[in-house]
Amino acid sequence: MSKVQVMDHPLIQHKISYIRSEEVGSKEFREIVGEIASLMCYEATRDLKLEDVRIKTPICEMVGKQLSGKKLAVVPILRAGLGMVDGMLNMIPSAKVGHIGLYRDPETYEPVEYYCKLPSDCDEREVFVVDPMLATGGSCVAALQMLKEKGVKHMRFMCIIAAPEGVKRLQEAHPDVDIYIGALDDHLNEHKYIVPGLGDAGDRIFGTK
């Protein structure tokens, strides 16, 4: 079964609590989502492998460390996932970026694909799939399945807020994908919104309704 890690870092918790407030406007919300993504990326990459590299400092030669093995990619689920990309790239600027477009059918609440563009070598990369909210899990499950069908073998999913229902569905559908969560909330309401949540992340990031 996949690993589920709820981030307990004080800075992450503080910033998530702050953006939950309905009084926080789009500009500030967008900036802080990026900050949270950077902090979560720092935590979620803790187990990346290192290898020795010989370098010459102004003083002498030495053996340092660099990332080894697979390169990294960030794949946001559109559109809200875009809000996390710059924060991720602040930490891993050499990562490539793909995009997956899904929308939730208002009648069935199931995801419908409308766009998918990935780096050509995505199957060789460690891919971080990002979306601020993991509610029903439908979009995330579908996005990960799309990536697997395109040959991607190594994925992690990262979200800022999750509902237990979404976590359970994701684990059952993709037990090989580790999940990184900023805050695990209580439940979904009858409209499939996370409670207490923070509303619609896409609307709050982009100032739409």
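Select Lys-192 first: this residue is partly exposed, with a relative accessible area of 32% (buried is under 20%, exposed over 50%, partly exposed in between, with a 1.4 Å probe and protein chains only). Lys-192 sits in the loop between strand 12 (187-188) and strand 13. Its phi is positive, about 65°, although Lys-192 is not a glycine. Most residues other than glycine have a negative phi, and most peptide bonds are trans.

The model is predicted: local features need pLDDT of at least 70, side-chain atom pairs count only at pLDDT 80 or more, and totals for chains, interfaces and linings use all residues. Residues are numbered from 1 along each chain as its sequence is written, and side-chain values use heavy atoms, with hydrogens and water left out.

Next, select Val-195 and Pro-196, whose joining peptide bond is cis, with omega near 0°. Pro-196 lies in the loop between strand 13 (194-195) and helix 6. Helices (DSSP H or I, at least four residues) and strands (E, at least two) are DSSP runs numbered from the N terminus.

Another cis peptide bond to select joins Leu-78 and Arg-79, with omega about 0°. Arg-79 is in the loop between strand 4 and helix 3.

Go back to strand 4 (residues 71-78), where seven of the eight residues are buried. Strand 4 runs parallel to strand 8 (residues 125-130), and six bridges join them; strands count as paired if DSSP finds at least two bridges between them. Strand 4 also pairs in the parallel sense with strand 5 (residues 96-97), over two bridges. Select Ala-73 to see both pairings: its bridge partner is Val-127 in strand 8 and Lys-96 in strand 5.

Move on to helix 3 and select its buried residues, Gly-83, Met-84, Val-85, Gly-87 and Met-88. What covers them includes helix 2, strand 4, strand 5, strand 8, strand 10 (154-162) and helix 6 (201-206).

Finally, show helix 2 (residues 26-44) with helix 3 (residues 82-91): they pack at an angle of about 45°, with axes 7 Å apart. Axes are lines fitted to C-alpha atoms, for helices over the stretch in contact, and angles run from 0 to 180 degrees between N-to-C directions. The two helices are therefore oblique to each other (under 35 degrees is roughly parallel, over 145 roughly antiparallel, 65 to 115 roughly perpendicular, the rest oblique). On the helix 2 side, select Val-33, Gly-34, Ala-37, Ser-38, Cys-41 and Tyr-42, which meet Gly-83, Met-84, Gly-87, Met-88, Asn-90 and Met-91 in helix 3 (contact means heavy atoms within 4.5 Å).
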